[in-house]
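Open the model in your viewer and display it as a cartoon.

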Amino acid sequence: MASTSSNAKMKEQPPKAMDKKMSRKEYYEQLRIQEAIDTKKKNLQDAIDRNEPHNMNLGKMQLENTGMETVVEQAIKRKQCSSLILEDNMITADGIAFIVDILRRGASLKLLRLSGNPIGDDGADLIAELLHEKPDALIGLWMSNVALTNRGVQLLMEALEHPHSTMEILDLSDNKNATDESVDSILEMFMVNKKLNNLRYGNILSEKKRNNLKELYGGKVTFLAFSDKKHNSMWHRLLINSLSLRTMFIKRSMIIGSELDLVAKMKFFNDEKQFKKTLQLFDKHKEQNIETCSNSIIIQALKACTQLRDLKRGSLIHHRISSQIKNDSSILFSLIQLYMQCGDVTNAQSLFDTIIKKSLSIYGIMMKGYIKNNMPNKAIELFHQIKKPDEIIIIFLCNAGAKLESTEALHLIKEALSQIPKSFFSNVRLVASALDALMKCGDILHAQSLFNKSKNKSLSMYGAMMKGYVKHNRPHEAIALFNQIKDPDEVIILLLFNAYAQIGSNEVLSLIKKKSLEIPQSFYSNDYLVASLLDALIKCDDLVYAQSLFNSSRCKTISMFGAMMSGLNKENNPFKTLSLFNEMKTSGIKSNRIIYLCLIKALSQIGDYSLCKSFIEEIPNHFLIDNQCQTALIDMYGKSGCIDQAKQIFEKMSQLDHIGYTAMINSYGLNGMGTQAVELYHQMPLESKNEVTHICVLNACSHSGLVDEARSIFQNTQIKTLKIFTSMVDCLSRASFFEEAQKLIDEFEHNQQFVLPMYMALLSGVRNDKNSQLSQQIYDRMKQRFPDINNSLTPAMILLANIYASSGEINKASDIKIQLAKFGAKKKVGLSWTVVFGQLYEFRAHDQSHPRSSEIYVEMEKISKELIEHGHQYDSSWITRPLDHDETIASVLCGHSEKLAIAWNFVANPNTSRIQVTKNLRVCGDCHRATKLIAAIRQCEIVVRDANRIHHFYTNGKCSCNDYF
């Protein structure tokens, strides 16, 4: 009564808002429609609640696509039905998409009756795509009277060619447009598929074609007159009983009583990823008489070998059954899959070549194998042999093109996409693969066009676009795309963090932290996502937050270690990188190429040969011959002062590229071998030279005083960047060609904005001349050029103060330091580190933190006396501050960090013949002269790497830099 009264009031007084927008008649018509929709929803929900999960009957309910979401959520997800009848409704391909999606993600549904719905070839296409991806998704499918044509039948038959298909019954009767043309695809399917026992087909076929099917597969094919419903219903009930028995079989522990039982048990273990148990079962029952095994048993055994990558075991099975596989494409398929998965492409190719009539699934597994084994060109060669590729083949073509990232691959993919049926573009996997390939081949516009045209955008499509934007350094577009996604998965979040990392700003840092708190806790079990988050935090300069997240992670994975080690290297904290590497070893985590590259990078930052040697010995040889690792090793040995080892690796490299050449040129330059650097530069192919190469060779010239060679290289460089100009200014300034250097700056500024690094290079060169007047002029010009960046001028002020101090103008130096103190500027602390007996030690000026500090200072006094005895005079010009009352010139200069590091080496090992020290600042003139003498007096080679270069102090009292530094 309450409901009736309420409706009466609504009729008397419709809402005023409705009066303004529509007439009374229109309003009530809308109300009637809405009531009908609500009633239909209620009836559907009631029907689902009434039905039993094992046989959910929702036939003849006038269901449309809009009701399918309810069917999926309530019948399939909530009640977990195993059999679903949807016959004689109004469901189209769009409604089928809901069911396919839930089956793709795994569902209990095994029997699906769709007869009497206008799903057409597009619906068949969606189901075929599902059966390609999950061949065990269904065991019974009814598609009688669903408006199929020959194309729809062909798509389903090709899907059923999958060697692991579990389909037993398929009803395609009552489809009047499925004619004789479809029979060939049915015959081809039966040649491969041994599982399908009942195919129901309409008697519209010609007598010749019917006889053809009966002769070959009469026991498996039934021809029905249209609308033979009684037979249909009985058949469904039989299959439900079969499914119930199968479920009971899987759930109970059973005795293997027949070959069919053995197949089922092996399949169960494979499905549960218990592959070793599959092979144990095989050994127990069939290994001794393998020649009598059915194909199904062999296929399950080969599948287990494939997943375990047990090539030896799989090859043995192949050898034992070699006589019975000639005409069995399902076993051939499994063998090819095994060999490709295990990297034995030769045997896979050999088997493929023996197949006379190759199906699309055989072509597909070969293409997939070539792509997996990094042979995309072979996959494309195979594609050219296929006359009518299906959607799966097009996906593999796109995957191969994405691997190649070439112009030729791009043209082929675009041509293929222009020729395939429009229906293929409803396959979201195909579109996602195409987008990935287009992006990787550099055609962003085409990818955007295809993405925008796609009506049903999947997460994989969004992911392909975001990944492409990140690859092409367009992170803002990736983030804009992310903002369109309602329910992102782990992959999308990972790509978002990658985009944030690429921007690397404080603004982005707050977004990263916000998003990291919003995502589900379960996402943190994805170690790749956590590694991406760590990388983003590090690149936004929040190593503390990243370290906290890393430390709180219960299960640290190799990708997380890699992200942290890379971040620590970026922050110039190589000691912690080594500590993490040792933690990995302790935890039993096996290193990969990325970890070893991080390790080598850390060792190159430390620059100690003995430490490098001890760690490199732990790296397996197959990594040491990797091209990228070899380049990193050249850089490491070069920065460790071991130029011979760097050269040895360079000469052994099988694939010399511009990175290898540049690393070797830079190594020569750092070690004062400018002539060799220039020679190698001229040997390098012209097309391989880039900005970094030009900078490295100019720096080599700068450190060796090869000004004329630098001028020639600079003049012949076609594209002169800011960094190239700066390197040339540095070269001229070190050689005291200040006027020429200033002209070069003027030339650059004529068409470009003013840049600070050039003036810093000029000012550093002037410091060597201790020319305080010119230094002040350069600094004044810097203040005019850059009035709004006082903080950036701090290094210039410190340099100017040091120039005044070294010129004896202590008062002017003090005035500048007072100004610096007002700005809150802090001078960079000088640090030196050295390795003694495998342990790393760090020193700072006048350091007394070492447990044997008193011994170190006693040794330093002893060294000081020896220096004075050999004529050394301490140079007060390198003291840039006033002395305290208890200090002397000698005590201040003897307290420099590199001298303390050298003294500690002699304390720890008095008879050492080689000492190596790395310093974060430029070595001072007094330390340079003193170290030459120490090397000669103690007959000990000393290698010091400072902020600019490497000094080799020989036992003859000379330095590799020839005092040009």
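How many bridges join strand 11 to strand 12? Four, and the two strands run antiparallel. This is a predicted model, in which local features need pLDDT of at least 70, side-chain atom pairs count only at pLDDT 80 or more, and totals for chains, interfaces and linings use all residues. Residues are numbered from 1 along each chain as its sequence is written, and side-chain values use heavy atoms, without hydrogens and water. Strands (E, at least two residues) and helices (H or I, at least four) are DSSP runs numbered from the N terminus; two strands pair if DSSP finds at least two bridges between them.

Stay on strand 11 and strand 12: four residues lie between them in a hairpin. Select Ile942 and Phe953, which are bridge partners.

Now select 941–945, strand 11.

Move to strand 8, residues 831–836. Three bridges join it to strand 10 (914–919), and the two run antiparallel. Ser832 stands opposite Lys919 in this pair.

Finally, show the whole open sheet: five strands in the order 9-8-10-11-12, with mixed pairing. Strand 9 (839–844) and strand 12 (950–953) are at the edges with a single partner strand each, so one side of each has no neighbour in the sheet.
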